[in-house]
Amino acid sequence: MNAPAALPELRYSVCPHDCPSTCALEIERIDARTIGRVRGAEDNSYTAGVVCAKVARYAERANHPDRLRQPLRRKGPKGSGSFEPLSWDDALDLAAEGLLAAERRHGPQAVWPYYYAGTMGLVMRDGIHRLRNVKRYSGQYSTICVTPAWNGYIAGTGKLAGADPREMAKSDCVVIWGTNPVHTQVNVMTHALRARKERGAKIVHVDVYRNATSEAADIAIILRPGTDGAFACAVMHVLFREGMADRDYLERFTDAPRELEAHLAAKTPQWASRITGVPVAEIEAFAQLVGRTPKTYFRLGYGFSRNRNGAVNMHAALCIAAVTGAWRHEGGGAFHNNGAIYHWNKTMIEGLDALDPAVRVLDQSRIGAVLTGDAGALKGGPPVDALFIQNTNPMMVAPDLNVVHRGFARDDLFVCVHEQFMTETAKVADVVLPATMFTEHDDLYQGGGHQHIMLGPKVVDAPEGCRSNHEVICALAKRLGAKHPGFDMSVRELIDWTLVNSGWRGIADLEREKWFDVQPAFEAAHYLKGFAWPDGKFRFKADWAGVKPQGFGPANGLPALPDHNEVIEESTAEMPFRLATSPARNFLNSSFTETRSSVKREGRPTVLVHPSDAARAGVTDGARVRLGNTRGTVLVHARLFDGLREGVLVVEGIWPNAAFEEGIGINALTGADPIGPVGGAAFHDNRVWLKPA
Ligand code: SF4
């Protein structure tokens, strides 16, 4: 009889993708270079054994035949996709020479190290700043994702932290607002569904279309994009009108309750219904529910902040929990992100001791304007003549994509891309360097959507030819004459230094325990000893002009009290639709667009059109349609769908440009003009026309 096959060895790690869940993972290690199934760690109290389907299938991505394994140099014209292999030493020499040549022409600020959250590991994501700071290269103000959401939240609480997200399971009503966790952070559903199962809690989903999260909820509020502020105001109007505001809490814990009540007198459900498209009865019923359910937990997402009034909308939604006093209760209050609880000292990772505040800082979302020489975007400094890119794919994900593509087409622009696959950004590079994946290097993680510091140890060896971000940064530093102790440290030394100098225990303890649960005490997380402003009061009156860094967005003209701020790209007779570009379930930004199973499940670039709009436009289900505005046009297929308001369109997912007939993707329609008060990109705030193609 044959002996039973040995079970694969199980290793632990952390999902590095740009998602607030930061799941603790169990990974099957098939052999020294191969991973098998990926599961959520049962013993992590937030992950609770659940991960999203795309990461459960991670072996398909990690073991993908198309992974880059050899450094490449451009052979043909820029963007032709014609490359030839070269050795690592030669490739690094070439990359360094490209950066040095730009520096010789216009000084170090002509070089822009450009990065983002393709990995959320602190060493592999943020080490690029060490090179930037030591070399005095141009800074990056990272606005593409979190800026309006964080500023809107902090405008109320004073701090980026909130009620323990595991408390959702102890709530009587979980309001999931402006995020689609079934697609993008599945663990929110774990805790919310537990509350329903164990306590009979209601789950409410507020979004711009009926999606997988709405289907799982008890109540789905579907509003027009960019109208969350109006909805929130009308809800608070009802709370005051019906005597459901917690006046004792308001007096003790908030700054201007009577001013707020007077301001809201005119913000009736009828007023909000006209703006949001939500029927008056639904607004009244939602207000009654949250007003009569003390343990209501507001889980506020990022999506609804990606409008030109996004920061105001986030703040307005947050204000509801202060009006009802939900913060008093376990299972009540609000949460967006826990960034402030980790108090990192990133001096060694980022080379902060070398940071020169006189060096200009460029807006990440305005990469198109920067590369095409817009003087304002360049902050009066020299042109950007060289890019070194890690962890991001701006040729797909950046807004105002036609301008971005024009910028990358410049013959005098040198581009080095360190990547896992031949992305569309790598295709326009001069030098392409193959990168490791999270299973192939150590890193340190924090849970934005929870409260764990986590170690993500290497699980398998990288494919021959791939190097980690840290290795590449250190090798470039040598060639560029950049000196800093961080370049001489191993990844594990950097992790240990960062932990200990941030007030946590070191890597040995973290390795033994896998993660530290650093959840602040209940009173602190619920601000029961006061909010994080000097007077301890939650602010209904936001100080938008005081938000830093100033100079990156329209800080003036934002309403201090919660309101509908009419700065969105409202539809017009010529462009009668509002388009949101929401996340697809099987992609994560541009990641996973290279895995066949994800592409198969997503189908093709598709616009969701309300049947009444489709009839008026002469569009049938499955028809090719053209969407357009002043920034560009794209060709997609239509799907008739009644789960959104008339006049609203949704295109899910950031598909590669190549998936579109004319080779330009959905971000051709999105704008790079900054959101108030201090920047951000309004990915869900686009007026467009739609025509049969
Ligand atoms: S839910 Fe988010 S963090 Fe968890 S495995 Fe999926 S992408 Fe990673």
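This is a predicted model: local features need pLDDT of at least 70, side-chain atom pairs count only at pLDDT 80 or more; totals for chains, interfaces and linings use all residues.

Q: What makes β9 and β10 a pair?
A: Strands (DSSP runs of E, at least two residues, numbered from the N terminus) pair if DSSP finds at least two bridges between them. β9 (residues 202-207) and β10 have 4 bridges, in the parallel sense, so they count as paired. One example is H205, whose bridge partner in β10 is A220.

Q: Why are β10 and β12 called edge strands?
A: The sheet is open, with 5 strands in the order β10-β9-β8-β11-β12 and parallel pairing. β10 (219-222) and β12 (333-335) each pair on one side only. The twist averages 15° from one strand to the next.

Q: How do you know that α8 packs on the sheet?
A: Contact means heavy atoms within 4.5 Å, and helix α8 (residues 187-199) touches β8 (173-177), β9 and β11 (296-300). A helix here is a DSSP run of H or I with at least four residues. The direction of α8 makes about 150° with that of β8; such angles run from 0 to 180 degrees between N-to-C directions, with axes fitted to C-alpha atoms, for helices over the stretch in contact. Helix α10 (residues 228-241) packs on the sheet too, touching β8, β9 and β10.

Q: What makes a space a cavity rather than a pocket?
A: On a 1 Å grid over the protein atoms alone, a cavity is a set of points where a 1.4 Å probe fits but cannot get out, while a pocket is an open set with protein on both sides within 12 Å along at least five of seven lines. The structure holds 2 cavities of 30 Å³ or more.

Q: Which residues count as lining the largest cavity?
A: Lining residues have an atom within 4 Å of a point. There are 16 for the largest cavity, and C15, C19, S21, C23 and C52 are the closest to its centre.

Note on methods
Residues are numbered from 1 along each chain as its sequence is written. Side-chain values use heavy atoms; hydrogens and water are left out. Grid points are joined across faces, edges and corners, and a volume is the space filled by probe spheres set on the points.
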